[in-house]
Amino acid sequence: MTHVPQGHEEEPMPTALCDIDALAAASATGVLWKLTESGRQLDANLVRLAPGRHIAPHAEPDLDVLVFVVSGAGTLAAGTEGEPLPLATGSLFWLPHGSTRGITAGDDGLAYLTVHRRRPGMQIGRAR
């Protein structure tokens with residue numbers, strides 16, 4: 001182990017994480033990859049939905065989320081009564097915090113990457 005004098009910590013280095021195209025092409029469904037590096041400020045997930053499957057509409061009160069469609073197609077239900085928006089390979093959507101959203105995969109399934117600020121860990125507090 002190399003000794004690093006105090007105040008001279010090593011600079012963090014970029015890291016190759018995965019091959020998104022290869023993962024998205026797999027027949028598996030669910031969360032295919034997740035960012036797990038220690039010290040990160042972001043969370044990211046690669047999710048693949050089988051044809052016709054969906055993520056039920058829900059609101060995220062605290063976090064903005066980016067959704068990038070890696071492969072396939074589907075729809076994004078935006079708002080509580082909004083028209084579904086088409087999702088296609090290469091689409092990039094910003095889902096502002098507080099917005100309601102749901103995702104449905106099309107006939108060939110859908111793979112998408114989500115990125116958002118890291119959610120703080122749960123903490124134990126005093127009973128009130």
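Visitor: What percentage of the contacts in the protein chain with a separation of 6 or more comes from residues 24 or more positions apart?

Guide: A contact means heavy atoms within 4.5 Å. In the protein chain, residues 24 or more positions apart account for 67% of the contacts with a separation of 6 or more. This is a predicted model, in which local features need pLDDT of at least 70 and side-chain atom pairs count only at pLDDT 80 or more, while totals for chains, interfaces and linings use all residues. Residues are numbered from 1 along each chain as its sequence is written, and side-chain values use heavy atoms, with hydrogens and water left out.

Visitor: How is burial to be read, and what percentage of the residues of the protein chain count as buried?

Guide: Buried means under 20% relative accessible area, exposed over 50%, and partly exposed in between, with a 1.4 Å probe and protein chains only. Of the 128 residues, 27% count as buried. Accessible areas come from the Shrake-Rupley method with a 1.4 Å probe, and for residues only the protein chains shown count as cover. The protein chain exposes about 9300 Å², of which carbon and sulfur atoms supply 56%.

Visitor: Which residues have the most contacts inside the largest nonpolar core?

Guide: A nonpolar core is a set of buried Ala, Val, Leu, Ile, Met, Phe, Trp, Tyr and Cys residues joined through side-chain atoms within 4.5 Å. The largest one has 13 residues, and L49, L76, L87, L95, I103, L110 and Y112 have the most contacts inside it. Strands β2 (42-49), β4, β6 and β7 (100-117) each supply at least two residues of this core. Apart from it lies another core of eight residues, including W33, L35, A44 and V70. As for L95, its contacts, not counting residues up to four places away in sequence, are L63, D64, V65, V67, L76 and R101.

Visitor: Is L63 buried or exposed, and where is it found?

Guide: L63 is found in the loop between β3 (54-59) and β4, and it counts as buried because its relative accessibility is 3%. Neighbours within four places aside, L63 is in contact with L95, P96, H97, R101, H116, R117 and R119. L63 and P96 are 33 residues apart along the chain, and their C-alpha atoms are separated by 7.1 Å.

Visitor: Which residues is P61 in contact with, leaving aside its neighbours within four places in sequence?

Guide: P61 is found in the loop between β3 and β4 and is exposed, with a relative accessible area of 54%. Its contacts beyond those neighbours are H97 and G98. The C-alpha atoms of P61 and H97 are separated by 5.3 Å, although the two residues are 36 apart along the chain. In the loop between β2 and β3 lies P51, which counts as partly exposed at 47% relative accessibility. P51 and G106 are 55 residues apart in sequence and 5.5 Å apart in space, C-alpha to C-alpha.

Visitor: How many salt bridges does a search of the whole structure find?

Guide: A salt bridge is a side-chain nitrogen of Lys or Arg within 4 Å of a carboxyl oxygen of Asp or Glu. The search finds one. D43 forms a salt bridge with R40, and the closest N and O atoms are 3.0 Å apart. D43 lies in strand β2 and is buried, with a relative accessible area of 15%. Leaving aside neighbours within four places in sequence, D43 is in contact with T114, V115, H116, R117, R118 and R119. T114 lies in strand β7 and counts as buried at 12% relative accessibility.

Visitor: Which residues make the nonpolar surface patch?

Guide: Patches are made of residues with over 30% relative accessible area and no salt bridge: like charges are joined within 9 Å, and nonpolar side chains (Val, Leu, Ile, Met, Phe, Trp, Tyr) within 5 Å. Here L66, F68, L92 and W94 make a nonpolar patch of about 430 Å². Strands β4 (65-78) and β6 (92-95) each supply at least two of its residues. L92 is in strand β6 and counts as exposed, at 56% relative accessibility.

Methods
Helix = DSSP H or I, 4+ residues; strand = E, 2+ residues; numbered from the N terminus.
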